[in-house]
Amino acid sequence: MAVPHEQQKGILNKILSVSDPGFTASGQVPEMTKATYYFRFYLARALDHAGMGDRYLGLLNPWREMVALGLTTWAEQPEPTRSDSHAWSAHPNFDFLTIVAGIRPKAPGFASVSIEPHLGSLRNVTAALPTPKGVIEVQYALDGSGVSAEITLPGVIGGDLVWKGKTFTLHPGHQQVRLSSD
């Protein structure tokens with residue numbers, strides 16, 4: 001770890017305050033170049049690592065702008081651009097499954113799974129991830145008192161659901177878990 005854990009959120013807020021509304025730095029921010037679409041992949045990893053996964057949706061303004069421009073595939077760089085379907089700017093497809101829906105392998109080949117959703121401002125999320133063992137499905141619905149989570153794991157996969165520091169054991173098959181809002 002290059003930066004002590006207690007300093008990670010402050011540093012990320014500084015970096016992101018240069019390019020992303022909603023991220024505010026405390027203190028002066030040195031002049032820096034905004035991260036490219038490609039490099040924002042690493043910003044998402046850092047945000048998740050620092051325990052700021054619920055802020056991930058705030059990183060998506062460049063992709064919202066691409067949609068507003070009518071692009072049908074992800075661009076390589078900001079305007080002036082064209083839609084070239086560049087894989088290095090398509091990482092939100094991965095991040096919606098791993099950060100927002102929270103589905104990740106806990107063991108090689110998805111022998112077990114760890115699910116830790118970061119819903120941010122979303123009230124409903126439905127996702128499915130094909131694995132070598134079968135499809136993992138999750139559905140989250142936020143209401144006034146918390147989150148209803150429905151998770152279906154293929155017949156041989158078990159694992160954990162982590163929500164705000166609390167861990168729930170998951171078994172193969174369909175299960176419902178009630179998650180508190182605090």
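In what order do the four strands of the open sheet stand? The order is β3-β4-β5-β8, and the pairing is antiparallel. The model described here is predicted.

- From one strand to the next, the twist averages 15°.

- Two packed helices are described by the angle between their axes and the distance between the axes.
- For helix α1 (residues 5-17) and helix α2 (residues 40-49), the axes come within 10 Å and cross at roughly 145°.
- The crossing in which α1 passes α2 is left-handed.
- On the α1 side, the contact is made by His5, Gln8, Leu12, Ile15 and Leu16.
- On the α2 side, Leu43, Ala46, Leu47 and His49 take part.
- Sorted by class, this contact of α1 with α2 has six nonpolar residues, three polar residues and no charged residues.

**The cavity**

- The structure holds one cavity of 30 Å³ or more.
- The largest cavity has a volume of about 30 Å³.
- Its lining consists of Arg40, Ala44, Tyr56, Leu59, Leu60, Trp63, His91, Pro92 and Asp95.
- Helix α2, already described in the contact with α1, and α4 (92-100) each supply at least two residues of this lining.
- By class, the lining of the largest cavity comprises six nonpolar, one polar and two charged residues.

**The largest pocket**

- The volume of the largest pocket is about 350 Å³.
- A total of 19 residues line the largest pocket, and of these Lys34, Tyr37, Pro62, Glu65 and Pro78 lie nearest its centre.
- Helix α3 (residues 61-68) gives the most to the lining of the largest pocket, contributing four residues.
- Eight nonpolar, five polar and six charged residues make up the lining of the largest pocket.

Note on methods
Residues numbered from 1 in each chain as written. Predicted model: local features only at pLDDT ≥ 70, side-chain atom pairs only at ≥ 80, totals over all residues. Heavy atoms only, no water. Pairing = 2+ DSSP bridges. Axes fitted to C-alpha atoms, helices over the stretch in contact; angles between N-to-C directions. Left-handed = near helix turned anticlockwise from the far one by under 90°. Contact = heavy atoms within 4.5 Å. Nonpolar A, V, L, I, M, F, W, Y, C, P; charged D, E, K, R; others polar. 1 Å grid on protein atoms, 1.4 Å probe; cavity = no way out; pocket = protein on both sides within 12 Å on 5 of 7 lines; lining within 4 Å. Points joined across faces, edges and corners; volume = space filled by probe spheres on them.
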